[in-house]
Amino acid sequence: MLKNRIELVQGDITKFGVDAIVNAANSSLMGGGGVDGAIHRAAGPKLHEECMEIIKKIGRCPAGEAVITCGGKLPAKYVIHTVGPVWHGGHKNEPELLENTYKNSLELAKEHKLQSVAFPNISTGIYSYPKGEAAEVAVSTAKNFLGQNEIPEKVIFVCYDLENYSIYKRLLNL
Ligand code: ADP
C-alpha cells in the first residue's frame with residue numbers, strides 16, 4: 001500500500017543508512033551551507049571529487065535536474081544531488097522546478113534500483129521556498145511517482161526543523 005511506502009522522520013539526513021539520501025545542492029555541486037554543507041562534511045573528499053568530475057562533463061547542474069554520486073563516508077550508499085529553485089515569489093516556474101527535483105531524483109533512484117531514498121525539505125532553507133507550499137509539491141510528487149513505480153520501495157521525508165515536520169505530519173495524515 002502506498003501509505004506504508006512513505007515515512008516521516010525528524011532528524012539529520014547525514015545519519016540515515018538508506019540506499020540514497022538526496023542533497024539540496026547548488027548548481028556548482030561544490031557544497032555550501034545548510035544540508036549541502038552537512039552532507040559534504042560528513043561524506044568527505046570522495047563525494048567532492050565525484051561532484052567535480054560531473055561538473056567537468058556538464059558544466060553546471062540546472063535547477064530541477066539531479067545527478068548521482070557515491071556516499072563517501074556516509075552511512076547512505078549514494079547521494080543524489082538535485083538543485084532546487086530559489087523562491088522569487090512563485091511566478092518563475094518555482095513549483096514545476098521543485099516538482100522536477102523530486103521526480104528526477106526518484107527517476108535516478110529507479111534507474112539505479114535503489115529501494116530507499118531519504119529527502120530533505122528541498123529549497124525551504126537558504127532558497128526561501130514557503131514551507132507549506134514546498135511540502136505539498138514534495139508529497140504529491142512522491143505519491144504520484146510511487147503510485148506509478150515499484151522502485152524505490154520507500155521514500156523517507158527527513159525534516160530538520162519542527163515546523164516542516166508538523167506540516168508534513170498534517171499533509172501525510174500521520
Ligand atoms: P536550500 O538551499 O535548498 O533551501 P538548505 O540546506 O538551506 O537548502 O535547506 C533545505 C532544508 O534542509 C531546510 O529545511 C533545512 O532546515 C534542512 N536541513 C539543514 N540541515 C539539515 C540536515 N543535516 N539534515 C536534514 N535537513 C537539513
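Predicted model: local features only at pLDDT ≥ 70, side-chain atom pairs only at ≥ 80, totals over all residues.

Trainee: Turning to helix H1 (residues 34–43), which of its residues are buried?

Mentor: Burial is judged by relative accessible area, with under 20% counting as buried and over 50% as exposed. In H1 the buried residues are Asp36, Gly37, Ile39, His40 and Ala43. Seen down the axis of H1, these buried residues fall within an arc of 165 degrees, so they line one face of the helix. On the other side of H1, Gly34 and Arg41 are exposed.

Trainee: What covers the buried residues of H1?

Mentor: The cover includes strand E2, helix H2 (45–58) and strand E4. After H1 comes Gly44, with a positive phi near 85 degrees.

Trainee: Which residues touch the most other members of the largest nonpolar core?

Mentor: A nonpolar core is traced through buried nonpolar residues whose side-chain atoms lie within 4.5 Å. The largest one here has 31 residues, and those touching the most other members are Ile80, Tyr102, Phe119, Phe157 and Tyr168. At least two residues of this core are supplied by each of several elements, including strand E1 (6–10), strand E3 (66–70), strand E5 (116–119) and helix H5 (162–171). Helix H4 gives the largest share of this core, 8 residues. Apart from this core lies another, of 13 residues, among them Val18, Ile21, Ile39 and Ala76.

Trainee: What is Tyr102 in contact with, leaving aside its neighbours within four places in sequence?

Mentor: With those neighbours set aside, Tyr102 is in contact with Phe119, Pro120, Asn121, Ile122, Ala138, Thr141, Phe157 and Tyr168.

Trainee: How should I read the backbone angles?

Mentor: Most residues other than glycine have a negative phi, and most peptide bonds are trans, so departures from either pattern can be picked out. Leu29 is not a glycine, although its phi is positive, at about 55 degrees. Leu29 lies in the loop between E2 and H1 and, because its relative accessible area is 1%, counts as buried. Asn93 is also a residue other than glycine with a positive phi, near 65 degrees, and its place is in the loop between E4 and H3. With a relative accessible area of 46%, Asn93 is partly exposed.

Trainee: Is the peptide bond from Ile151 to Pro152 cis or trans?

Mentor: That bond is cis, with omega near -5 degrees, and Pro152 is placed in the loop between H4 and E6.

Trainee: Where is Gly90 placed?

Mentor: Gly90 is in the loop between strand E4 (78–83) and helix H3 (94–111), and it counts as partly exposed because its relative accessibility is 22%. Gly90 and Glu133 are 43 residues apart along the chain, with their C-alpha atoms separated by 9.9 Å.

Conventions
Residues numbered from 1 in each chain as written. Heavy atoms only, no water. Helix = DSSP H or I, 4+ residues; strand = E, 2+ residues; numbered from the N terminus. Buried < 20%, exposed > 50% of the residue type's maximum accessible area, 1.4 Å probe, protein only. Contact = heavy atoms within 4.5 Å. Arc of directions from axis to C-beta.
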